[in-house]
Amino acid sequence: MRKIEDKQLRDQLVEYLQQFVSETRQERLAEVLENRTRHITVVLEDLFQTQNISAVLRTCDCYGIQDVHVIQHRNAFEIHKDISMGADKWLTIQDYPHSDHNVKDCIDRLHEQGYWVAATLPDERRRTIFDLPVEQKTAFLFGTELTGLSEDAIRYADGNVLIPMYGFTESFNISNSAAIILSHFSERMRRSDVQWKLSEDERNELYFEWLQKSVKDPDGLIAYYMKNNGLTHL
């Protein structure tokens with residue numbers, strides 16, 4: 001999708017592209033954007049089961065979480081379209097390909113954006129999800145299905161968090177863990193006085209991106225508009 005730094009041009013292109021999108025669709029995009037947040041984000045480290053990856057993406061979309069960060073080690077990041085139900089189309093996915101420092105790069109970036117980074121671990125000595133302050137921007141780290149988070153992820157995280165459990169099994173499935181944590185934290189956030197919504201500029205930028213995803217041949221339409229308005233470059 002094209003990104004336009006010039007806000008005036010972006011607004012003109014939005015007005016143009018809206019001609020090709022029904023009012024009902026426009027209203028739906030605006031409604032979803034009104035409930036989108038970057039106050040919470042999710043980090044997936046080296047998941048290998050596409051059904052789990054896809055289920056987490058679907059959960060993020062359902063709870064209005066816009067950004068997902070994907071750290072790759074040995075396992076390639078792949079999406080099962082039948083499970084994600086197209087959720088990945090509407091999310092902003094940040095990819096960190098395999099390297100010796102990709103975990104640190106990801107967490108450093110989250111810190112720069114003001115996140116408190118929580119490693120999800122099944123250890124009764126850890127802080128529970130009920131104890132986390134909702135006022136703080138929070139990134140939840142989820143590790144691979146068999147071995148959990150890497151030593152680097154645990155080391156660079158700001159703290160650890162768990163979901164209380166009362167049975168014999170030690171942990172939830174990764175997609176269930178994400179659903180429980182995001183459901184709990186998202187609801188607390190939305191009921192609070194925290195300024196969790198996207199900024200006006202973030203909403204406008206995403207609206208332009210989503211409009212492009214809602215029309216056929218967005219590049220061709222934009223090129224046509226540019227040519228017919230004497231604009232030779234973006």
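Reply: Q26 lies in helix α2, residues 23–34. Helices here are DSSP runs of H or I with at least four residues, strands are runs of E with at least two, and both are numbered from the N terminus. This is a predicted model, with residues numbered from 1 along each chain as its sequence is written. Local features need pLDDT of at least 70 and side-chain atom pairs count only at pLDDT 80 or more, while totals for chains, interfaces and linings use all residues; side-chain values use heavy atoms, without hydrogens or water.

Q26 counts as buried, at 17% relative accessibility. (Buried is under 20% relative accessible area, exposed over 50%, partly exposed in between, with a 1.4 Å probe and protein chains only.) Leaving aside residues up to four places away in sequence, Q26 touches Q18, V21 and Y207. Contact means heavy atoms within 4.5 Å.

A nonpolar core is a set of buried Ala, Val, Leu, Ile, Met, Phe, Trp, Tyr and Cys residues joined through side-chain atoms within 4.5 Å. The largest one has 28 residues, and C60, F140 and F142 touch the most other members. Two or more residues each come from β1 (40–45), α3 (50–62), β2 (67–71), β6 (138–142) and α7 (174–190). α7 gives the largest share, 6 residues.

Not counting residues up to four places away in sequence, they are V42, V43, L44, E45, L47, T120, L149, I174, S177, A178 and I181. Another core, of 21 residues, lies apart from the largest one. Among its members are I4, Y207, F208 and V215.

Next, the helix pair. α3 and α7 pack at about 15°, with axes 8 Å apart. Axes are lines fitted to C-alpha atoms, for helices over the stretch in contact, and angles run from 0 to 180 degrees between N-to-C directions. That angle makes α3 roughly parallel to α7. (Under 35 degrees is roughly parallel, over 145 roughly antiparallel, 65 to 115 roughly perpendicular, the rest oblique.) N52, A55, V56, T59 and C60 of α3 meet I174, S175, A178, A179 and L182 of α7.

Finally, L162. L162 sits in strand β7, residues 159–162. L162 is buried, at 9% relative accessible area. T128 is 34 residues from L162 in sequence, but their C-alpha atoms are 4.8 Å apart.
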